[in-house]
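Here is a short briefing to read alongside the structure. Keep the viewer open, and we will go from a single residue pairing out to whole chains.

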Amino acid sequence: MTEQRYRLHPDLRLTALADEGVLLHLGERKYFSVNDTGLSMLEAMREPQTLDELVQGLLASYETTEADARQSAQAFLERCLQASVIVPTPPAS
Amino acid sequence: MSSTSLDGALLQLEHDVAQWLLNSRLEPESWPRFVFREVSALDANPDTRPVFTQPTVAIQAGPPGGAVRIRWDLADAEAIVDEFLPQATISVTPDVYARTDFFLRTMMVVVLLFAMRRRGRFHVHAAALQSPSGEGWLLAGTSGGGKSTTTALLAREGWRVSTEDIAFIEPAAESTVGVRGFRTRLALRPGGAALLQVESGLELTDRGKIGLWPEELGGSWIPVIVPSVIMFTSVGNDRTVVQRLSTMDAMRGLVQWSMWVLFETVGATEHLRLLSALTAQTRAYRVQLGRDLFDRPALLQEAVG
């Protein structure tokens with residue numbers, strides 16, 4: 001089975017500021033900020049990403065264990081989905 | 001600008017809008033194209049997008065459509081700002097002609113803000129001024145938050161004023177962000193005018209304020225400034241309190257006072273980029289303005305170094 005992928009919501013605009021991230025959701029008219037870890041995952045999700053790909057990205061950029069990276073990425077994905085910051089995309093064929 | 005009728009009142013309105021833009025000192029080549037037409041009544045609104053209501057206008061902008069619909073609720077008038085071009089078609093009923101000043105200040109200014117986005121200029125609700133030593137300041141905040149009075153106070157100290165509250169951010173030299181001002185009179189409330197001991201000026205009767213050009217206070221006008229300081233102002237008590245803000249708090253404040261960044265996809269990426277760059281190039285402060293400022297106008301400069 002192919003793993004679910006996620007990408008930024010089309011109404012989302014993202015920019016970096018002082019190593020953090022600033023997000024505008026134009027559909028919801030909401031403003032968010034995220035830390036550098038969140039910013040790196042959102043930057044990656046400009047293109048569809050799986051949870052595994054996000055975890056590998058964190059492992060490449062931060063000194064952390066795979067278990068911690070997976071837990072962190074999973075929790076971040078859930079929060080982003082809840083806020084409609086990201087959307088699920090069809091799995092790659 | 002052009003009108004679709006030879007009606008004298010409509011031509012007079014068109015003339016008044018042109019004069020308003022001339023007074024603003026925005027470069028004529030940057031003016032949006034406004035096309036006016038007179039209608040006996042507005043059609044029913046077919047737009048199903050959510051309505052954002054401000055005190056005098058109802059705005060529908062953003063996905064799924066690209067054009068912006070602005071309705072003026074003091075008399076029947078409606079503007080449709082083009083999806084991509086800096087132009088708008090504005091339908092007015094004859095009721096508008098008796099309230100031209102109010103129409104300019106509460107309707108046309110909103111139309112202008114959306115049209116200028118299509119020129120790559122993005123509104124910030126802030127005063128913009130430059131110190132005698134060349135430092136650019138933005139004073140952002142709500143109406144009644146002390147922007148005009150502080151601007152007038154600093155104009156009296158020889159500062160150059162770009163705008164009282166209609167500022168447009170735009171790219172400037174060396175990757176900086178500049179602020180271009182829409183020139184209007186500084187509109188002082190009676191309390192502010194009394195503290196400044198202002199004895200002259202134009203009575204803005206419908207607003208209960210006194211209007212003064214910066215030059216009447218000893219200052220001068222400047223078209224563009226490059227800010228290095230942002231202050232989010234509010235009116236306090238006796239003592240002025242200045243608090244340095246973090247970068248993220250500064251950005252949050254700028255988004256609040258440049259809120260159209262949240263409203264439409266047109267220009268949103270560039271608008272956000274400019275706000276971010278502006279935040280990065282400035283020091284930001286939350287300032288409670290106190291009465292001590294009127295005894296020591298240099299106090300703010302001393303507080304921010």
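Which residue in β12(B) is the bridge partner of B:Phe122? The partner is B:Ile169. Please keep in mind that this is a predicted model, with an ipTM of 0.84 and a pTM of 0.91. For chain B, the pLDDT averages 92, and 98% of the residues score at least 70.

**The sheet in chain B**

- The pairing of B:Phe122 with B:Ile169 belongs to a set of three bridges that join β8(B) to β12(B), a strand covering residues 167-171.
- β8(B) and β12(B) run antiparallel to each other.
- Stepping back, you will find an open sheet of four strands in chain B, ordered β8-β12-β13-β18, with antiparallel pairing.
- At the edges of this sheet are β8 (122-124) and β18 (224-225) of chain B, each of which pairs on one side only.

- Helix α6 of chain B, residues 268-281, lies across β8, β12 and β13 of chain B.
- Relative to β13(B), which spans 177-181, α6(B) runs at about 105 degrees.

**Where chain B meets chain A**

- The contact between the chains involves 19 residues of chain B and 13 residues of chain A.
- On the chain B side, α5 (247-257) and α6 each supply at least two of the residues that touch chain A.
- The element that gives the most to this side is α6(B), with seven residues.

**Chain A as a whole**

- Chain A has three helices and six strands, and along the sequence they follow the pattern β-β-β-β-α-β-α-α-β.
- With a radius of gyration of 13 Å, close to the 12 Å that the globule rule gives for 93 residues, chain A is therefore as compact as a globular protein of that length.
- Taken along the principal axes, the box filled by the C-alpha atoms of chain A is roughly 35 × 35 × 20 Å.
- Of the 93 residues in chain A, 28% are buried.
- Among contacts in chain A between residues at least 6 apart in sequence, 51% join residues at least 24 apart.

Key: Residues numbered from 1 in each chain as written. Chains lettered and ligands numbered in written order. Predicted model: local features only at pLDDT ≥ 70, side-chain atom pairs only at ≥ 80, totals over all residues. Pairing = 2+ DSSP bridges. Contact = placed C-beta atoms within 7 Å. Axes fitted to C-alpha atoms, helices over the stretch in contact; angles between N-to-C directions. Rg over C-alpha atoms; globule rule 2.2 N^0.38 Å. Buried ≥ 20, exposed ≤ 12 C-beta atoms within 10 Å, placed from the backbone. pLDDT = per-residue confidence, 0-100.
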